[in-house]
Amino acid sequence: MLDQERGGAFARMRRDADRLLFERLRAVVWVVLAMLPGAGPFRWVIDLATVLIAFPVIMLAGIEAKAGRLRGAFAQLALISYPLYMLHVPVRCEVAAWVGPAALPSLPVLFTYVGLSVAAAWAAGRWYDPA
């Protein structure tokens with residue numbers, strides 16, 4: 001009985017060590033990818049590494065994550081993610097038409113653009129294409 005308990009404890013310690021290693025590896029991947037230059041002749045290598053390494057790591061992290069109290073917030077973010085992807089450029093074009101393209105970098109215009117984009121994405125996710 002005591003040996004089985006030890007084996008169970010050692011197995012848990014091993015799983016925890018593996019999880020910690022995975023967390024550290026994920027942090028290293030993010031730091032390395034964030035430090036890579038954005039353009040140049042080897043941009044395809046960065047894109048390939050992002051698709052083959054970073055995206056699977058993100059997916060594994062999401063699969064292993066436990067939402068807990070943040071489940072509702074994550075559900076709302078999931079609700080607006082695709083509509084935000086689809087609507088942010090049309091909203092940016094409309095805001096640029098209202099204020100002029102030179103005013104886009106200003107902070108009040110940026111907040112207006114982000115606010116309208118999120119509101120349009122939420123409305124589209126909520127009423128146009130409910131899950």
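Phenylalanine 42 sits in the loop that joins helix 1 (2-35) to helix 2 (43-64). Let's start there, keeping in mind that this is a predicted model.

**Exercise 1.** Decide whether phenylalanine 42 is buried or exposed, and find the surface patch that includes Phe42.

*Solution.* Step one: the relative accessible area of phenylalanine 42 is 58%. Step two: exposed means over 50%, so phenylalanine 42 is exposed.

**Exercise 2.** Work out whether serine 117 is buried or exposed, and list its contacts beyond four places in sequence.

*Solution.* First, locate serine 117 in helix 4 (residues 107-128). Next, take its relative accessible area, 3%. Buried means under 20%, so serine 117 is buried. Finally, leaving aside neighbours within four places in sequence, serine 117 touches Leu84, His88 and Val91.

**Exercise 3.** Find the aromatic pairs in the whole structure and classify each one.

*Solution.* A search of the whole structure gives two aromatic pairs. In one, the ring centres of tyrosine 82 and tyrosine 85 are 5.9 Å apart and the planes meet at 40 degrees, so this pair is tilted. These tyrosines are three residues apart in helix 3, which means about one helical turn separates tyrosine 82 from tyrosine 85. In the other, tryptophan 122 and tryptophan 127 have ring centres 5.2 Å apart and planes at 80 degrees. Planes over 60 degrees apart count as edge-to-face, so that is the class of the tryptophan 122 and tryptophan 127 pair.

Technical notes. Residues numbered from 1 in each chain as written. Predicted model: local features only at pLDDT ≥ 70, side-chain atom pairs only at ≥ 80, totals over all residues. Heavy atoms only, no water. Helix = DSSP H or I, 4+ residues; strand = E, 2+ residues; numbered from the N terminus. Buried < 20%, exposed > 50% of the residue type's maximum accessible area, 1.4 Å probe, protein only. Contact = heavy atoms within 4.5 Å. Phe/Tyr/Trp six-rings, centres within 6.5 Å; stacked < 30°, edge-to-face > 60°.
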